[in-house]
Each structure stands twice: as C-alpha cells, then as structure tokens.
Amino acid sequence: MITKQLIEQIEGEATVHFTMNGNTVDFATVAFPHFRGMERILQGKNALDALVITPRVCGICGHAHLMASVRALESAYVHMSQDIQLSTKAQMIREFTLLMEIVQNHYKWIYLTLIPELGKLMPLSNMSTPLKGAFAASLASKALASFSGQWPHSSYMLPGGVTCDPTHMERIKAQSYLRELIAFFENETLGIDLETFLSFESCKEIRSLSSDISRIEQSLLSLGMHEKGFAYDRFVVFGNHGFSVPSKMKQTRSYSVKSKYVSIKDSYSPQEKTFAKNALYKNDYYETGPLARAMTNSVPIIRNIHRRFKDSAYSRVVARIFEIASLLQHALELLKLMELSETSLTMPEPIHTLTAEGIGIVEAPRGVLIHKVSIEEGLIRNYEIITPTQWNIGSDTKESLTPVQLAMQGVTQEEALFIFRTFDVCSVCTTH
Amino acid sequence: MADRIEGVKKLFTSKSARVDTNRGDAHYERLFQICQTRIEALKTQTPQQNRLHIDDLLEDQGISRRDFMKWASAVTGMLMLPSSFTPLVADAALLMNRAPVIWIELSDCAGNTEAILRSDGPKIDEILLDIISLEFNETIMSASGHQAEKQLEDAMHTFKDKYLLFVEGAIPMGLDGQYGTIGAHAETFYDHLMRISKHAAAVVAVGSCATFGGVPAASPNPTQAVGVMDVLKGKPLINIPACPANPANMVGVIIHYILTGQIPELDSLLRPKFAFGYRIHDNCERRAHFDAGEFVEEWGDDGAKNNFCLYKVGCKGPMTFNNCSIIRYNEGVNWPIGVGRGCIGCSEPDFWDKYAYERPMADANIKAPTGGVEKTVDEFGLGLLTAAGIGIGIHAAASLAAGKKEESGEA
C-alpha cells in the first residue's frame, strides 16, 4: 500500500509517496506539483534581463541566483575572449552578500524547520520561538541590504562588478549588524563565543555546552539520527568561493570536478504529476550542501563526526549549524579586508555584441546552483537552471535511488519525513 | 483581458490617481466617530484562537510604549489621517488579533512570505504581522496536511464573510490549472482561490504575482499565469504590488480595515493611495541630481561614484508609483536606488517584460500609461511620459548634449 504525505513550509509544497514494508519505508517517491517556466520565460529576452528575472526564481536564495546569472554572463564574455575585470572589492562584496544569504537561510531553517520538526518526534523543552530565527535572519538581511539595496530579490550585480559604491559608512553599518548577529548567535544558539566554538574538534565538545545547539545535538542522538538517514556518502561541490573548494568526494577521497559531466534526468513519480528533474554527475547521484562543503573543505569537527557517523541525518544537521559559525567569521574578515577605494564596476563591451555560451556556478545555501546560458547578439537563446534540491531530492526508480530516497529507506515514516527535511528542501527552486 | 489591462493603464494618471490629503474637518470628525464606535465594539470581542497579546510581545522585544506611539503616529500619517487619529490607530494595532486574516500562497517564490513574515522581524510592523498570521498562515503555522486544511475550514466557518484573505502568488490557468495544485486533494490554485475567497470580506493581493501575474506571467507566459483581479469578480479587492511587497503597506491596509471596517481608498489599479499615490521619483534621494541634469551615463562611471541620477541607465522611478523612496526596504536599511541600480518598476504591471532592467527607459519602447510611445532619447529627446515627463525631457536632453560632445571628443 502506498501512503501519501504532504510536505509544506519548504517555500512551496512537495508530496512523498511511501511504499511501506511493515513499519519501515521500503521505497519512496517525491513529487513537486508547481511550475512557472522560468527557463522558457528567459528565452528571447535581453541577456541582462536575467539579472532581474532569475533572482525571482526563489524568495529565499534569490541572491545566489543573481550571482549565478552574473557569473554565467561573465563566462560568456570570457568565452568570446573579452576580458572581465572584476576588482577584489567587487568580488568581496558579492561574496559577503552571498554569505549573509546563506546565514539567514540556515538560521531560519534551525528555528522554523529543524526545531519544530524535532518537536514532532520527541518532547522538547527550553526550545525557543520562531521569532528567534526571524530576528537573526533580519540582521543578516540588513547587513546584506547595506550593499545590495534590498533583500529578497536584489539585482545589484552586473557583468564586471557591482553597482554599489560603498563608503565607510556602509561598511560600519554592515559591521554593526554583523556583530549584533554574532553576539546573538553566541548568546542564543551556541552558549559560547564564536572563536572557541570554531576551535571545537569533536561533537563531545558541543555536548559540553548548555544551549540550543547542545539540545539539538542531544535530541538527534536520542532519536538515533546518527544511525539513520545515510545517503551514498558521495558529495559534490562546484562553487568557487573563499569558503568552498570545488571537488567531488567518495567517502573521504576527493577528486576534481568538471561541470560538463552534470546531466539532468526526468523524475520518476508514478503516483502523481511532478515538474521536477533530477541532477546527476557522471550518471551518479551525489549529495550537495553544507555537509558536502565541510567535507571537501576538511573542516576538522565535521570530518571527525563523519568518521563516526558517516553521512547520517545527524552529520547533515550539525554541518549546517557549524557552517553558520564559519561563515560568520569569514564575513567579518571580508568586511575588514575590503579596500573601498577600488573600482566597483568596469563595464565590458555592450551586451548586444555578445554571442557566446556561458556557465555560472555558485554555492547556494542548499548546495550547488548552476546556470547555463547561450546568448546570440545579446539575446538569450537558451537558459538552463540546475538547483541544489535537484541534486539532493530527486525521485528515481527503486534500482537507482536518489540521495533522499536512499536516506529515507528502512526507517519509520515519521523518521523519514524528518530525514527529508535534513536536506533543507526548496520547492520553488526545484521546479522553477 | 489584455484590452482590459491596457484600458486600466490609460486610467493610470486620471483623476482617480490624485491624492487628496485634506477633506475638511466635517469629513474627519464623522470618520473619527465611525472609527471610535468600531474600535469600542471590537474591544468587547475576544479573539477566537489567537491568545497572544500584542502588548506583551512588544514588551518582550524591548519596544517601549513611547516607541509604539511614535510608530502609531507614523502610520497615521501614512494613512493620510490627521494626527488626532493617532490614539485610534494605536488601539487598532492592539486589536490586530481581532482581524481574521487568512493567507494563501499560489504560484510564487515565497518571497513575500520571506520578506514579510520572516526576514524583516521583529519590528512593530512585523510583530503585528506575526500575530495576525500565527493561526491563519499556511506557510508558518505548525499544522500541516489534513490538520491544516481542517484549521482553514474552521477559520473560514467561524469568520464567514468577515475575514481578510491575503493572496500571494499568481494563478496559472494553463493546462486546466495543473501547473499548480495544493493540499491533500491536489486542488488547483484557481479552485483554491475561488473556494477561500467566496466568504472573504475583502481580498488583498500581495506582491506583483498576485496583483498582475508577476514574473510567472512574463512573455510567453508558459503557464498562462494571471493576477487575482483577472479572475476574481464581485469582491472588494486591494492590490499591494511590488516584488517583494513592503510590510508597512500591508499593515496599513489591515489597520485601515480594523479602524474603519472598510478598505482604503484605491487608485485605478486597485492600489491603496496612501502607499501608491506618489511616484518613486517624487521623493527620490537622487532627485536633486535629476533636477541638476547630473546623470549616470554608464554603469561604474564617475556619475555612479557620485550617486547621480540613474534615469539614463534605466531607472523607472519617474513612472513607478510606490512609497519605497520613503519607507525603503529591510526596515529602512536601504533600497535599490541606494546601491545605484535604479528602480525596475516592480510595482507596475508588466515590469518583467516592458521595464527591462538595464535599457534606459527612453530606449525600451515602453507604451506610456498616457498612451504615448517614447522616442529614443538620443534621436528626439523624450516624449511626454507622465506629468514628470516634461522635466525629464529637458534635463536628459541637456545632459545628452554634454555627452555627445564628449563622445565626439573621444573619436
């Protein structure tokens, strides 16, 4: 018998159809019933219009989409042998705003998804309100808006740089929001200062705290999540940033990656119509996101946790929370190092001179985001978007399970629904 | 439908779009009486399910009574009411949990929910929105699936003909509505909207998708997405466009409803005049540069470094009605023009197709709301756009002459 479960609050909706084997999940398929046709909309439009349209694919990671678009356009210029002069300052501003978007996403995920979902599996005391997540996220988006103008849906990047030309005033403003956010994170989530937390090398040290993070860690252990939710133990990271290293990993061995091996395949969903497609690398499924980034980046505490608990639901959750800490520190450094007198933007040749293909790859909050564009005299001939959820939450046959399908196998339906959310799912991005 | 939208646009600058901020003492005295009676009546009612007290929450967030009253007087001003209404507005805010609001999400990116209910908190506007939404918002309430549907049914039944329905997202009409379904029974977005709006007191379309179809409706409109006003008939409807819409404007609408029991005065595109009665251009911080003929001629030039006017690199501020030049975004931290990228006109119909990003408005071949087609600035100077159009023509042309000289100098 097949049971249908509705999953909400993932920027839209998804459904999971479970085939049970007694009390445990034998097989599950996933369907995403929404579609807007963003790629089709982009066809025939001025290539610069992508900078306005793609951020609107998603209300929570629109900034990553903007960055992927601008990188795709820049790569098209480079393919036409036109130089793109991107100042270090412009790169730093782009990266800072991307970091802030990832941080607000993770923060909301902890307080609006993870804790309420844990609460469904076991009684939780002393656990805080969703307002906590909203407050921290608002600080991050204010720091972000200091450079990008607004959040969500900012469009302040252009090929060759960024439109903002911040003064010390903006930097100080952003710094003060960031410091407030770090203090909030230390007091409300960690229960210890950021620096000490970042020096932690094992989960025992997390356990020694008395705070939201230690309570989350304890709950995961008592639910046995360190022994459940395993996917393939294969990871991909494509985005080139100060906080990520493009590579592919099988267990602990890492290999180089090339975007030409990425392919797309229709989802398998016999029970219900779905608009989603699965993303593969060399015809295999890989997990992407914070755990993948921490593994390829050799973050000591996550490597240690992985040694014991592999790619369990536990590892996935702790990696996402830990990533907030390391990104906050990275963001502080970026603000400090930013040389404000550098050029913000150097315009390349006019867009109508551009006939080329381009690819833009970014580490979005939930993992690898790829935009591919083909441009003819400045007009978009073809546009393709591959989002993180397409990597993690694909739906295929029982013979070739996707990471989430594998992770949900062999546990109860309630546990499976929790494990589903440990990947941090975005419905609107998936189908776009 | 296209004819209708074009027709509506012709009304864009008609008399109905004019803002009247002084209607005389007699009018305001009568209104005051009505509001007072209504507030007193509301005070005697108890909220159905919502047990949260706004005063407690404000205190929890460290917001003092003084801050709250300051906020109330700002909102009074925003709603274009005399300052004597401030205590009533404050009372209305405290009665926010008596305003039954149901919030549904259709074909969208969740951006408005993100902007409004989650990311801008918790200042007063956002706390208020959290309160009203806690029991009725599909996205953030804890119940899901059948339980959520039951809750929705209950809310619709209890507040029959009294609730405000907030709609986020467009309605995809293609493929018999199969591009977007919702809930355990896979109801299409269209059916969902029709069912829930049937007994709403009024419907509020939030964001550009719900108002005009938004980015999903961009050419060639693959899912045949339309806005609420294209399919919903016979219901009071308020449009709060922009991508994302601004929380302050939403709170304004709700408070106005609590205060008067009516929807606020609207323009010809059904937008509340208190928020959409002025152009971005009217209150833009870069307006002085426009008046002085100082423009950014190309991205990243000296003009850009000096925060000059962005009109010539495509800013749509002169023909976009919205209050973001005053209230800005992310709790007033910044706004697009503040980072030198110009307005994209996201609160106007068709911005996704017509108000293309970078192309100067003069080159975009935009059909102006008044019916005239713009000429290329380099060839003819600007045609009349709106009332501000005359000014634009003169200033852009003046700076153009200077630009031409430089160009020939380089060559």
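**Exercise 1. Find the place of Leu270(B) and say whether Leu270(B) is buried or exposed.**

Step 1. Leu270(B) sits in the loop between H12 and helix H13 (273-276) of chain B. Helices here are DSSP runs of H or I with at least four residues, strands are runs of E with at least two, and both are numbered from the N terminus.

Step 2. The model is predicted: local features need pLDDT of at least 70, side-chain atom pairs count only at pLDDT 80 or more, and totals for chains, interfaces and linings use all residues. Residues are numbered from 1 along each chain as its sequence is written, while chains are lettered from A and ligands numbered from 1 in the order in which they are written.

Step 3. Leu270(B) is not a glycine, although its phi is positive, about 65°.

Step 4. Leu270(B) counts as buried because it has 20 C-beta neighbours inside 10 Å. The cut-offs are 20 or more other C-beta atoms within 10 Å of its own for buried, 12 or fewer for exposed, and in between for partly exposed, with C-beta atoms placed from the backbone.

**Exercise 2. Describe the backbone and burial of Asn221(B).**

Step 1. Asn221(B) belongs to the loop between helix H10 (207-212) and strand S7 (225-226) of chain B.

Step 2. The phi of Asn221(B) is positive, about 50°, and the residue is not a glycine.

Step 3. Asn221(B) has 20 C-beta neighbours inside 10 Å, so it counts as buried.

**Exercise 3. Locate a cis peptide bond in chain A and one in chain B.**

Step 1. In chain A, Trp151(A) and Pro152(A) are joined by a cis peptide bond with omega about 0°. Pro152(A) is in the loop between helix H5 (130-148) and strand S4 (157-158) of chain A.

Step 2. In chain B, the cis bond joins Cys243(B) and Pro244(B), with omega about 0°. Pro244(B) is in the loop between strand S8 (237-240) and helix H12 (247-260) of chain B.

**Exercise 4. Give the strand order of the open sheet in chain A and name its edge strands.**

Step 1. The sheet has three strands in the order S6-S7-S8, with antiparallel pairing. Two strands pair if DSSP finds at least two bridges between them.

Step 2. The edges are strand S6 (234-237) and strand S8 (253-255) of chain A, each pairing on one side only.

Step 3. S6(A) pairs with strand S7 (residues 247-250) of chain A over four bridges. Val236(A) stands opposite Lys248(A) in S7(A).

**Exercise 5. Which residues have the most contacts inside the largest nonpolar core, and where does this core lie?**

Step 1. The core has 246 residues, and Val167(B) and Ile254(B) have the most contacts inside it. A nonpolar core is a set of buried Ala, Val, Leu, Ile, Met, Phe, Trp, Tyr and Cys residues joined through C-beta atoms within 7 Å.

Step 2. Helix H4 (residues 88-121) of chain A gives the most to this core, 17 residues.

Step 3. This core lies between domain 1 (2-275) and domain 2 (280-410) of chain B, because both give residues to it. The domain bounds come from an automatic or database domain assignment.

**Exercise 6. How many residues does each chain bring to the contact between chains A and B?**

Step 1. Chain B brings 55 residues and chain A 59. Two residues are in contact if their C-beta atoms, placed from the backbone, lie within 7 Å.

Step 2. On the side of chain B that touches chain A, helix H6 (111-119), strand S4 (181-182) and helix H15 (302-305) of chain B each supply at least two residues. The largest share, six residues, comes from H6(B).
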